[in-house]
Amino acid sequence: MFNNIKKDFPIFLNIPDLVYLDSAATSQKPQQVIDSVTKFYSKENANIARGLYKIAEDATMNYEQVRSKVQKFVNAKSSNEIIFTQNTTSSLNAVMRGWGENFVKKHDKIVTTVMEHHSNFVPWQFLAKRKQANLVVVDVDDDGQIDLGDFEKKVKDSKIVTLSTVSNVLGVINNVNKLCDIAHEQGAICVVDGAQSVPSMPTDVQKINCDFLAFSGHKMLAPFGIGILYGKEELLEKSDPFVYGSQMIRKVTQKENEWNDLPYKFEPGTPDISAVIGLGKAVDYLSVLGMDNIHKHEQMLIGYLLKQFSELDGLNVLGPENSKQRGGLVSFSLDKIHSHDVAAMLAEDNICVRSGHHCAMPIHERFGLAATTRASVYVYNQKEDIDKLINSLKQVQKVFS
Amino acid sequence: MDDIYQEFIIELYKNPMNFGRMAKPDYHAEVHNSTCGDRIELSLKMKSGIIVDVKFAGSGCAISQASSSLFTEYLKGKTLDQLKKIDKQEVLALLKIDLSKNPSRMKCALLPLDALKKSIK
């Protein structure tokens, strides 16, 4: 599948021997997206929601069209439920500030999991400390799956449950539909970090029935600087803005003010309009490929990778062995070789992987590891990329043997 | 792939010099490299104004481990004033590899220097 895609990505033309296996950090960008940004700046550049001249009206219209595209992409009920932020981190912080600040009280329980990225961990840790609430962390089993018994026990009487669809370290796909249901039965709201899932598989916020969903543009072929927060309209209405000024206000007198309507209430200041335009093109591009196909493609590649990994001595994989339970990434360690050395040696062969704790120290601590190496795939990768990785890993082991 | 990973670096990684801790060090500090999770603990023993023993412990990549081995050896026999004057270039010269285009690896190489600075602060 997707055999002809690489040619759409100019980075692979400019660096022909690049083996890019770090899409979980950020995706490469297709020419179509890059062109849309250039076109905006060359032919359409104007601020939105203000000017009455043609290019300003066009910019506003195009910006809002992308909001509708994103709405359809995640199947939200209304485009008012789509807030443009800067990235997943700022989206999650927005929930913490906007909703958490209003509704979390002393002794309330906030539930997260040990596999979360720091962006879906630290904001809650901070909120809990500030409000004298309790942050409770759900464990995983040795296979990296959420411990359902532990989850059910810990979500009892909780206020917020926050978890990722796909862990950026374990690669495991969590059954967020079911977990959100359990959270709702307890009267909690459910916040989902979709940074690793939205770019790679179909997302239906109504099916998940999550209350908030955060994800980033740059991991799904779009430019940097654009993040998305989906929130149920009712909850967004109840949330307060936390960055003030500009577009988020409807009326200001010398004594008081009135918040603007959704979604503008949460979009203060001039946004990165070019990035939003690029996001629209990225959504188009992904929709043509088909999110189901992308998911299948990634699982095929990860299955291929795991099979080859199983034949390497001294290589340990984190997370489920079955690629059907995984998104498009695998973290691993090599016996007696530090992940930093693995990544650096692979880099000398032009193979891009990530090493370290991937902004998820609690899960590394859980498995007693200081750091791991992570390989991740996306639409432009093919089996030959995996083959090159395996060959170079064998070389690394040889040098250190 | 052997520009950085020369044989002596790998050798020092497998068999580090001055690895360990010491009871009652005169100077001691622990530093972390948050990007890769490396951790180095440096202990120094002083007698009559000069460093008589240096040990390092912790875990890290081949570069930080090799650098720590060479660095601890380098510190022996120096006075406190001399320790205070040690700069980056001296540490990189010990390693004899060019890291000028690898800012992230530079951090690994300089981790023992960070530990030294922290310990004598």
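**Domain and chain interfaces**

Mentor: Domain 1 of chain A and domain 2 of chain A together bury about 2500 Å², and carbon and sulfur atoms carry 59% of it. This is a predicted model, in which local features need pLDDT of at least 70 and side-chain atom pairs count only at pLDDT 80 or more, while totals for chains, interfaces and linings use all residues. Residues are numbered from 1 along each chain as its sequence is written, chains are lettered from A and ligands numbered from 1 in the order in which they are written, and side-chain values use heavy atoms, with hydrogens and water left out.

Trainee: What makes an area "buried"?

Mentor: It is accessible area, taken with a 1.4 Å probe, that two parts lose on being put together, summed over both. The value of about 2500 Å² therefore counts the loss on both domains. On the domain 1 side of chain A, A:His118, A:Val169 and A:Leu170 lose the most area to domain 2, together 24% of what that side buries.

Trainee: How do you know where domain 1 and domain 2 of chain A lie?

Mentor: The bounds, 33-288 for domain 1 and 290-400 for domain 2 of chain A, come from an automatic or database domain assignment. The centres of the two domains, taken over C-alpha atoms, are 28 Å apart. Contact, meaning heavy atoms within 4.5 Å, takes in 34 residues from domain 1 and 31 residues from domain 2 of chain A.

Trainee: Why is the pair A:Asp139 and A:Arg366 called a salt bridge?

Mentor: The term requires a side-chain nitrogen of Lys or Arg within 4 Å of a carboxyl oxygen of Asp or Glu. The N to O distance between A:Asp139 and A:Arg366 is 2.8 Å, so the pair qualifies. The rule finds two salt bridges across the interface of domain 1 and domain 2 of chain A.

Trainee: How many residue pairs are in polar contact between domain 1 and domain 2 of chain A?

Mentor: There are 20, with both residues at pLDDT 80 or more. Each rests on N or O atoms within 3.5 Å; within protein, one must be able to donate a hydrogen and the other to accept it, and residues adjacent in sequence count only if both atoms are side-chain atoms.

Trainee: Which residues form the contact between chain A and chain B?

Mentor: In number, 20 residues of chain A meet 19 residues of chain B. The area buried between these chains is about 1400 Å², with 59% from carbon and sulfur atoms.

Trainee: What makes B:Arg105 and A:Asp341 a salt bridge?

Mentor: Their N to O distance is 3.2 Å, so the pair meets the rule. The count between chain A and chain B is one salt bridge.

Trainee: Why does the pair A:Lys131 and A:Glu101 tie together parts that are 30 residues apart in sequence?

Mentor: The two side chains meet in a salt bridge at 3.8 Å, N to O. A:Lys131 belongs to helix H5 (residues 122-131) and A:Glu101 to helix H4 (residues 88-103) of chain A, so the pair joins parts separated by 30 residues in sequence. Helices are DSSP runs of H or I with at least four residues, strands are runs of E with at least two, and both are numbered from the N terminus.
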